[in-house]
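The exercises below ask you to read side-chain contacts and accessibility from a structure, and each is followed by a solution in steps. Please keep the sequence and the 3D view open while you work.

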Amino acid sequence: MSLASFLALFMVVIFGSGATEVATFSVELAGFQGLNATQGNNVVSPTFSLKVRVENPRDLQPWCSNGGKVVVSYSGVALTWGDVPGFCVQRKASRDMVLLPWGKGVGLSEGLRRRLASELFAGTAQVLVEMKLFNDANDWTPSETYSGTSLQSFQLLLRAGSRT
């Protein structure tokens, strides 16, 4: 087999096997506490329990991340933050993990506190969950898809039943 034939076959295997496909992420709110904005307190110390699912569509190799950071914010104010541990998802598989970001002494303006309290009471309060992941740069695919960092963002509704 000539070198050109080998390279052509290699490219077909890489791109035809889904090796450059991107992992998909989903996040659910398992619970939260410490958003005591309804008590007239402008300082909160919340914690969130987040269920994260990562699905790897690749046929030939795992999808790995070296870890990262997670931030939960409300109206542009970071309420909680924490680490995302490093992980690998085997080929054609999924992986579930729980993240527990927390904040301490987060100050809210009076207007923001009132709005959060009102939205919590009405069941309409939403938070933004952002995960910045540091992807495995030692991947053997010729794609830039997995090198560097990626940002995953999710809007989550704060339901009263999710309070712990």
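**Exercise 1.** Determine whether Asn-135 is buried or exposed, and find its strand and a polar partner.

*Solution.* Asn-135 has a relative accessible area of 5% and is therefore buried, where buried means under 20% relative accessible area, exposed over 50%, and partly exposed in between (1.4 Å probe, protein chains only). Asn-135 belongs to strand β9, residues 126–135; helices (H or I, at least four residues) and strands (E, at least two) are DSSP runs, numbered from the N terminus. The side chain of Asn-135 makes a polar contact of 3.4 Å with the side chain of Ser-150. A polar contact is a pair of N or O atoms within 3.5 Å; within protein, one must be able to donate a hydrogen and the other to accept it, and residues adjacent in sequence count only if both atoms are side-chain atoms.

The model is predicted, so local features need pLDDT of at least 70 and side-chain atom pairs count only at pLDDT 80 or more, whereas totals for chains, interfaces and linings use all residues. Residues are numbered from 1 along each chain as its sequence is written, and side-chain values use heavy atoms, with hydrogens and water left out.

**Exercise 2.** Find the salt-bridge partner of Asp-83, and state where the two residues lie.

*Solution.* Side chains of opposite charge can pair when their charged atoms come close. The rule applied here requires a side-chain nitrogen of Lys or Arg within 4 Å of a carboxyl oxygen of Asp or Glu, and six salt bridges are counted by it. In one of them, Asp-83 meets Lys-69 at 2.5 Å, N to O. This pair links distant parts of the chain, with Asp-83 in strand β5 (residues 77–84) and Lys-69 in strand β4 (residues 63–74), 14 residues apart. Asp-83 is exposed because its relative accessible area is 53%, while Lys-69, at 45%, is partly exposed.
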